[in-house]
Amino acid sequence: AKTGPLPLHPMSLSDILDASFRLLRANFRTISMIVAVLVLPLQLVAALASRSILNGNSVVPLFSGTTSGFQTQTNGSQTVASSISSIASLLILPFAAGAISRVVAGSYLGIDVSAREALKAAGRRWWALLVAWLFVHVMEGVGLIFVVLPGLLVMALCVSVAPAIVMERLGPLEGIRRSWRLDRRRMWGIVGIAILTGLIFSITASVVAVPLELIAFAIGLHWGWILLFVAGVLSSLISLPLNAIVATLVYFDGRIRNEGFDLQTLSHRLNS
């Protein structure tokens with residue numbers, strides 16, 4: 001009800017974009033709690049580690065030519081902290097995507113799912129989400145090394161992996177196979193959806209984050225790291241949920257096209 005009527009028919013790009021923003025607005029509080037639990041600590045560590053860049057000095061002297069005595073030594077411990085934060089962020093991403101997918105799936109079907117329930121659901125499948133994420137990115141990497149097109153096709157076929165694993169409680173390889181079965185008949189359409197929505201969401205997040213990052217570097221990261229932290233959190237609140245929402249909608253779209261999920265859902269509603 002909070003989202004209004006959502007598509008229970010094969011979805012076009014405009015359907016997916018419209019539903020994505022409506023689902024984000026309707027579940028923003030719950031999604032924000034998930035991002036706060038999983039992403040906020042990592043963004044904080046990364047922002048703190050960035051204080052070593054240019055020794056916390058402003059970048060303005062670099063452009064004005066007044067760099068006399070300008071120190072750029074990097075603190076080794078902060079570099080290590082930044083690397084650890086980056087690795088941890090990569091490991092957290094599939095888990096966060098799975099939790100957000102659970103919230104979105106419930107909202108799409110008219111069920112309220114709390115942040116705690118979503119995190120528990122993703123937690124029960126954390127190993128499958130992580131292994132599947134690693135498999136998919138290795139396959140994408142191999143495809144992109146040889147020719148770009150195979151990498152894009154692997155990406156399209158694996159869009160529905162995280163929602164399938166969490167919603168159907170599948171293992172990693174089962175989740176990948178399930179995604180391939182749902183997505184293979186409309187690979188090219190999904191490639192277009194993934195590229196266009198990814199660009200739109202990245203630009204939207206950049207519009208919010210980049211001005212704060214520029215100000216942070218202008219005043220120096222000794223204190224500007226706080227603005228970097230805010231920029232990272234705001235960017236995560238936009239790009240991560242919207243990409244997870246698109247993946248979930250593509251998953252349901254595949255079930256509608258291949259399994260008559262729309263008729264099953266309408267029949268269940270009429271009989272309940």
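Colleague: How do helix α1 and helix α11 pack, and at what angle?
Modeller: In this predicted model, helix α1 (residues 13–26) packs against helix α11 (residues 187–219) at an angle of about 40°, and their axes are 11 Å apart. The two helices are therefore oblique to each other.

Colleague: Which hand does the crossing of α1 and α11 have, left or right?
Modeller: The crossing in which α1 passes α11 is right-handed.

Colleague: Which residues make that contact?
Modeller: On the α1 side they are Leu13, Ile16, Leu17 and Phe21. On the α11 side they are Ile193, Leu196, Thr197, Ile200 and Phe201. Sorted by class, this contact of α1 with α11 has eight nonpolar residues, one polar residue and no charged ones.

Colleague: Changing topic, what volume does the largest pocket have?
Modeller: Its volume is about 740 Å³.

Colleague: How many residues line the largest pocket, and which lie nearest its centre?
Modeller: The lining of the largest pocket is made of 30 residues. Nearest the centre are Ala97, Trp133, His137, Val159 and Asn243.

Colleague: Which elements give two or more residues to that lining?
Modeller: They are α5 (76–108), α7 (126–146), α9 (161–168), α11 and α12 (221–259). The element that gives the most is α12, with seven residues.

Colleague: And how do the lining residues divide by class?
Modeller: The lining of the largest pocket has 23 nonpolar residues, six polar and one charged.

Colleague: Back to helix pairs. Where do α10 and α12 stand, in distance and angle?
Modeller: Helix α10 (residues 172–183) and α12 have axes that come within 8 Å and cross at roughly 60°. These two helices are therefore oblique to each other. In this pair, α10 passes α12 in a left-handed crossing.

Colleague: Which residues make the contact between α10 and α12?
Modeller: From α10 come Arg178, Arg181, Leu182 and Asp183. From α12 come Val250, Tyr251, Gly254, Arg255, Asn258 and Glu259. By class, the residues of this contact of α10 with α12 are three nonpolar, two polar and five charged.

Colleague: One more pair, then. At what angle do α2 and α3 pack?
Modeller: Helix α2 (residues 28–38) and helix α3 (residues 40–49) pack at about 45°, with axes 4 Å apart. That angle makes α2 oblique to α3.

Definitions and conventions. Residues numbered from 1 in each chain as written. Predicted model: local features only at pLDDT ≥ 70, side-chain atom pairs only at ≥ 80, totals over all residues. Heavy atoms only, no water. Axes fitted to C-alpha atoms, helices over the stretch in contact; angles between N-to-C directions. Parallel < 35°, antiparallel > 145°, perpendicular 65-115°, else oblique. Left-handed = near helix turned anticlockwise from the far one by under 90°. Contact = heavy atoms within 4.5 Å. Nonpolar A, V, L, I, M, F, W, Y, C, P; charged D, E, K, R; others polar. 1 Å grid on protein atoms, 1.4 Å probe; cavity = no way out; pocket = protein on both sides within 12 Å on 5 of 7 lines; lining within 4 Å. Points joined across faces, edges and corners; volume = space filled by probe spheres on them.
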